[in-house]
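Subject: Structure for you to look at

Hello,

Here is the structure I said I would pass on. Please open it before you read the notes below.

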Amino acid sequence: MIEGLMQALTPGYMLYLTLGVMIGMFVGCLPGLTATMGTALLVPFTFALPTGEGIAMLGGLYVCAMFSDAIPACLVNTPGTPAAMATAFDGHPMVLKGRGQEAIVASCFSSALGTVFGAGCYLLLAWPLITIALKFGPAEFFWLGVFALTIIGSLAGDSILKGLAGAAIGLLISSVGISHGNELARFTFGIPEFRGGVSLVAGLIGIFAIPQVFSMVAELRKKEFIAEYKPKGGETLNTIKKVLSHPVHVLRSSVIGSFIGILPGAGSPIAAIVSYNEAVRWSKDKSQYGKGDLRGVTASEIANNAAAPAAMIPLVTLGVPGSSPAAVIAGALMLRGLNPGPELFQSDGALVYSFGWALLLAGIVTFILGSLFAPLLVRIIRIPLRLLAPLIMLLATIGAYAIRNNIFDVYIMLGLGVFVFIVRRLGFHPGPIGLGLILGPIIEPSLIQALYISDAIGVGRVFFTGTINITLIAVSIFSVAFVIWTRRRDQAQERENASVGS
Amino acid sequence: MKTQHDYLRRGILGAVAGAFVAITAGAAGAAGYPDKPVTFIVPYSPGGGSDQQARRLQPGLEKALGVKVRIVYKTGGGGAVGFGELWRSKNDGYTISNVVVPNIVITAQGKDVGFKPGKFSYIGMTARAVGALMVPKNSRFKSLDQFVAEAKANPGKITVAGVGSTGKMNMGDLANILGIKHAYVPVSGGVGKMIPMLLGNHVDAGMTASSHATKHKMKLNTLAVAGPSEVGTLPGIPNVEKWGYMTTWGVMAPPGTPADRVKVLNAALLKATADPKVRNMVIKNGLQPMRQTVAEAAAYVAAAVKKHSK
């Protein structure tokens, strides 16, 4: 392990790592350029480098993209990658309140914390953690998805019913296309392009960015730019202190992020959602969530970053990548004749460890670069809306097109944008719709598989047996009950206040 | 400390070489096809057999064609999403895709998938593997006989995962030969998603190919392979002679791609697979290398279409 560190600390290694981080910064910032695409595009360029440097560069890109996707999420309410959806919930309201610099610095510092924690897990606990992760079968994934859905309680705004309806719409949209397992075309309405389903990235851009642009245009007369921003000295240090003043929160988000990152197929977006949900649940004062609570931003960013190095754990222990960018890195290794998996520990142990250190160092480099650029980036919100709105529209269109090089995705994005803009006026929050879209591809196949297994060994044994199943069911029920209870209490309190006031 | 200098120098050299290749490629490309990047669709999730084929061929294809080859993943529907994407792509030779035979034929069978497997312009098959039935190392099944005995004692109680309806059919064939009944569990997206299910004992067995069995030898046992003989990389694993399942990986273009461009692509493919490094990688991965002309490839797929149309 020490050998790995020494290898990672050589100037050449650090140079390429930093280069990867800088590319990642750019990739994450642009909605539509995901970490998967960024790493895939970079792979051919890494062939000129030795293996260690090559995959360190890819790892650096991945880690940094998981931070920089928070930048558009906070500033213009458009997640740069699906993993930053939960960051936008509180990040954007913070920006609107003039706390832009704080939001960006907090994202950056949280990302660094998460990365270091996740990389620590990779370096120290890879084997014990993967043993637990393997206990997640189809039924467990199904319940995990259901549990993640309970976040609707904290997102829904005025009406739980509208939140549920939003999530149902999102799930329904995610089921468009050829079905999992038995390859039947669903909801295609005779349009061939629908067979490929709705692209998650294009869908999320449609749900978040387009309504934002429409609102900007609608509000042109009322305000000239997104929010006020005055750079403050010492803001970086203050923010770091604020983040660290909730040590339990930081630890919880790191643990959730790392663990969900390890589960093959779950990845950073789910990690961020679950972490955000838990942050809300365990906080004493929940009133500020969704309105600009710093802890909302840190919960999401710590977790989505912790999940990035953690997604490498199944790759080196089982030979199965834990996320799509990890799969691209696996491909890069295979092209060099290395077989990612348990044998890599024996044949190229130093490489496995130096990669872990590279991920850890990438977190630190990300923080240094991110906090240097934060004051500059935040200036985006001072761009006059009449310039910013078309600019976002342009980037959104390019992003939606680029993800599959398909103009159909742009139409889907625009259609969903108009739809969400309208339902938002009716009191729907875009969050649950995006949530349904992200969780659908996790919930549906695992439900189908679990049902097929149930045919052989019984529904009870598959869905309702085992510690993980029972725990997930229990916490899901608890979440729902808790939301109903707090809402009743709040309503009662409001009525009381109203009667006192009158 | 010599290494760091070396690395730097190699990096710079690489960049210079890259720029040089780009310039010469531009010059060569001006003469005609291809003069811009070629998109290579992988219809299964990254890390699987198709992804490996694409990554293996990418450098050789780029060298032979003189342009970049961009790999894009279009996964879902047991490969149908990616195949459909290629079907709708422009047939100008700038979009090609990975193809798995007979999977593409079985996936399309009697369903509204939106493409006809027989109509694509096939460039060539590059490697094949035979079917393999795998179980985790800690499985209660140590041999095929044990597996068959328990399946006969408890019909329909043993769970076997496979990829989509192709896996369902292949496992069905094996079950018929062995005279057993099992419960099939479809996995969408490829074998990469199946391995953790096996390792975590969520299913009893998995239906894949000898290449996957070779790659995961350290963690998974193979009970049987398909075909007339044992597989070199899996010594001592019994073969089920009557089980004819074979997976073939190849490359195809959209229907109606001009013949001269298909020829250029076929020549590039043959050059890429001739590289001893690529060949060794294929053999090491438990695959059998294949080299085909355009006519051979078309005939190969036509035979599969005929076989499964019965």
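Predicted model: local features only at pLDDT ≥ 70, side-chain atom pairs only at ≥ 80, totals over all residues.

Residues are numbered from 1 along each chain as its sequence is written, and chains are lettered from A and ligands numbered from 1 in the order in which they are written.

Chain A

Chain A has 25 helices and 2 strands (DSSP runs, H or I of at least four residues for helices and E of at least two for strands, numbered from the N terminus). Its radius of gyration is 22 Å, close to the 23 Å from the globule rule for 502 residues, so chain A is as compact as a globular protein of that length. The radius is taken over C-alpha atoms, and the rule is 2.2 Å times the number of residues to the power 0.38. The C-alpha trace of chain A spans about 75 × 65 × 50 Å along its principal axes.

Of the 502 residues in chain A, 61% are buried. A residue is buried if 20 or more other C-beta atoms lie within 10 Å of its own, exposed if 12 or fewer, and partly exposed in between, with C-beta atoms placed from the backbone.

One residue

A:L33 sits in the loop between α2 (11–29) and α3 (35–46) of chain A. It counts as buried because it has 23 C-beta neighbours inside 10 Å. Leaving aside neighbours within four places in sequence, A:L33 is in contact with A:V27, A:G38, A:G399 and A:A402 (contact: C-beta atoms, placed from the backbone, within 7 Å). A:L33 and A:G399 are 366 residues apart in sequence, yet 6.3 Å apart in space, C-alpha to C-alpha.

Between the chains

On chain B, 55 residues are in contact with 51 residues of chain A. The largest share of that side of chain B, 9 residues, comes from α1(B).

Helix α9 of chain B

In α9(B), the buried residues are B:R261, B:V262, B:L265, B:N266, B:A268, B:L269, B:A272 and B:T273. Seen down the axis of α9(B), they fall within an arc of 165 degrees, so they line one face of the helix (the arc is that of the directions from the helix axis to the C-beta atoms). On the other side of α9(B), B:A259 and B:D260 are exposed.

Regards

Terms used: Contact = placed C-beta atoms within 7 Å.
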